[in-house]
Amino acid sequence: MAGIYWFVFTQIFNRSVEGEDPYIVFMLLALLPWTWFNGAISDSTRAFTRGAKLIRSTKIPRTIWVASIVCSKGIEFLASLPVLAIFAIATGAQLHWEAVFFVLALAMQFVLTLGIGMMVAPLVVFFRDLERAVKLVLRFLFYASPIIYGVSAYAKVGPEFHYIAAFNPLSGIFSLYRGAFFPDQLDWFTIAIGAVMCVLFFFLGLYVFKRSERAVLKEI
Amino acid sequence: MATVGGITVSDAGIRFRRNRRSRRNFKDLFAGRNRRTLASEFWALRNVSFTVEPGEAIGVVGRNGQGKSTLLKLVAGVIIADEGTVDVHGGVAPLIEITGGFVDDLTVRDNVYLTAGLHGMKKHEIAERFDEIIAFAEVGDFLDTPYKHLSSGMKVRVAFAVVSRLEEPIILVDEVLAVGDKAFKEKCYRRIEELLAGGRTLFFVSHNEKDLRRFCTRGLYLDKGQLVLAAPIAQVLAKYNEDYGVS
């Protein structure tokens, strides 16, 4: 996957996002976490329908079914980090002290993914076609988040655009991940708004989950 | 009533939609209330209150569709009451649906570990009891067969063998045992008696009067989602027969 993106963007378009050399490392820093987010959300649409029988007859806290998906995808993400390391070494990218923010980014992404997962999982039980809608939104989010471009690209379009984009918590999270190799990508305004959004999403998710729990158990 | 093994149910009620399989989709959200098909709801159980002391054996009687299984599910905590409260002190080992908490695609072995593990048993504890469980279920040759390929009788055997070995103070048994053959049934009943002697609380649903009289000290009689009578089992059976019995 990373190889394809690298080929398309650096070889075919011959694109060089200024200051973001090596582009492959720049992109992987957002693409790998995105894979975690994408995988966890699209899997949590099936969290209740797939294991219906087991869930129907087990009395453990129901949030575990979502949390286990988020965790397993998170572990897959951590396991994919060596890919990033290999490219970083091969291209001679410079690691900065800002890499400590990686931990913060991990925590933010975990909270955010769990929140959205808890929102999506019960709703899909009631509205089966939501599964497709979620896929569509995820596809849109891929291009609407700074994955193949950087957070700084927003500022170039205009200040109000930069402001709006900050409300996409993924912007702040990817900005934090990128700080490890590209300290100029750290955009503290976006990160702060993103952190607040993550917590908001988490509590909204928890609320939706608790509200719909009993109805879900009757339905599956 | 904080003792382990007791159950307090007060004013519990739960409602279901009658047309629960009706197709609903995302578009309905935008369709406005009047264009949606109104879901007709009914109360499967309502105003049900009773207390169970630790170590008691309760028999639940009632005709089909009067809320017996729903009551067991409420006690097991796999569905949540819409009103009232269900307080269960201690863990519950449920044998409710034929499939129990078993996953079709996993092998018998994995299922035993999964179910026991979900009820908080450690890996080495399960390993200790594993042979005993398999011997009880008499499925020694099918350990690595996916659960879905077992016959329904074998499924129940495995389910009962595992559930009856769980270290939980409360045991729920629905009508599932009806599938087993006579010899196995007898074995199960002996096991249940053993457990009762060990001070476990039992919830037993059956249509077989003889079985009910054999195990249960008290009975609950459910009709039309209401708890009609909670009394010693002989009294409950008498009332049930009076209402619906063939004479």
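A nonpolar core is here a set of buried Ala, Val, Leu, Ile, Met, Phe, Trp, Tyr and Cys residues joined through C-beta atoms within 7 Å. The legends describe a predicted model, in which local features need pLDDT of at least 70 and side-chain atom pairs count only at pLDDT 80 or more, while totals for chains, interfaces and linings use all residues. Residues are numbered from 1 along each chain as its sequence is written, and chains are lettered from A and ligands numbered from 1 in the order in which they are written.

**View 1. The largest nonpolar core, with 65 residues.** Ile58(B), Val60(B), Val75(B), Leu172(B), Phe203(B) and Phe204(B) touch the most other members. Helix α4 (residues 152–163) of chain B gives the most to this core, namely eight residues. A residue is buried if 20 or more other C-beta atoms lie within 10 Å of its own, exposed if 12 or fewer, and partly exposed in between, with C-beta atoms placed from the backbone.

**View 2. The surroundings of Val75(B).** Neighbours within four places in sequence being set aside, Val75(B) is in contact (C-beta atoms, placed from the backbone, within 7 Å) with Ile7(B), Val86(B), Val88(B), Val92(B), Leu172(B) and Phe203(B).

**View 3. The open sheet of chain B.** Six strands, in the order β5-β6-β7-β3-β8-β9, form this sheet with mixed pairing. Its edge strands, β5 (92–95) and β9 (226–232) of chain B, each pair on one side only. Neighbouring strands are turned by 15 degrees against each other on average, direction ignored. Strands are DSSP runs of E with at least two residues, helices are runs of H or I with at least four, and both are numbered from the N terminus; two strands pair if DSSP finds at least two bridges between them.

**View 4. Strands β3 and β8 of chain B, with helix α1 on the sheet.** Strand β3 (residues 57–61) of chain B pairs with β8 (residues 218–223) of chain B in the parallel sense over four bridges. The bridge partner of Gly59(B) in β8(B) is Gly219(B). Helix α1 (residues 68–76) of chain B packs on the sheet and touches β3, β5, β6 (170–173), β7 (201–205) and β8 of chain B. The direction of helix α1 makes about 155 degrees with that of β7(B); axes are lines fitted to C-alpha atoms, for helices over the stretch in contact, and angles run from 0 to 180 degrees between N-to-C directions.

**View 5. The helices of chain A.** Chain A has 11 helices and zero strands. Buried residues make up 38% of its 220 residues.

Conventions
Two residues are in contact if their C-beta atoms, placed from the backbone, lie within 7 Å.
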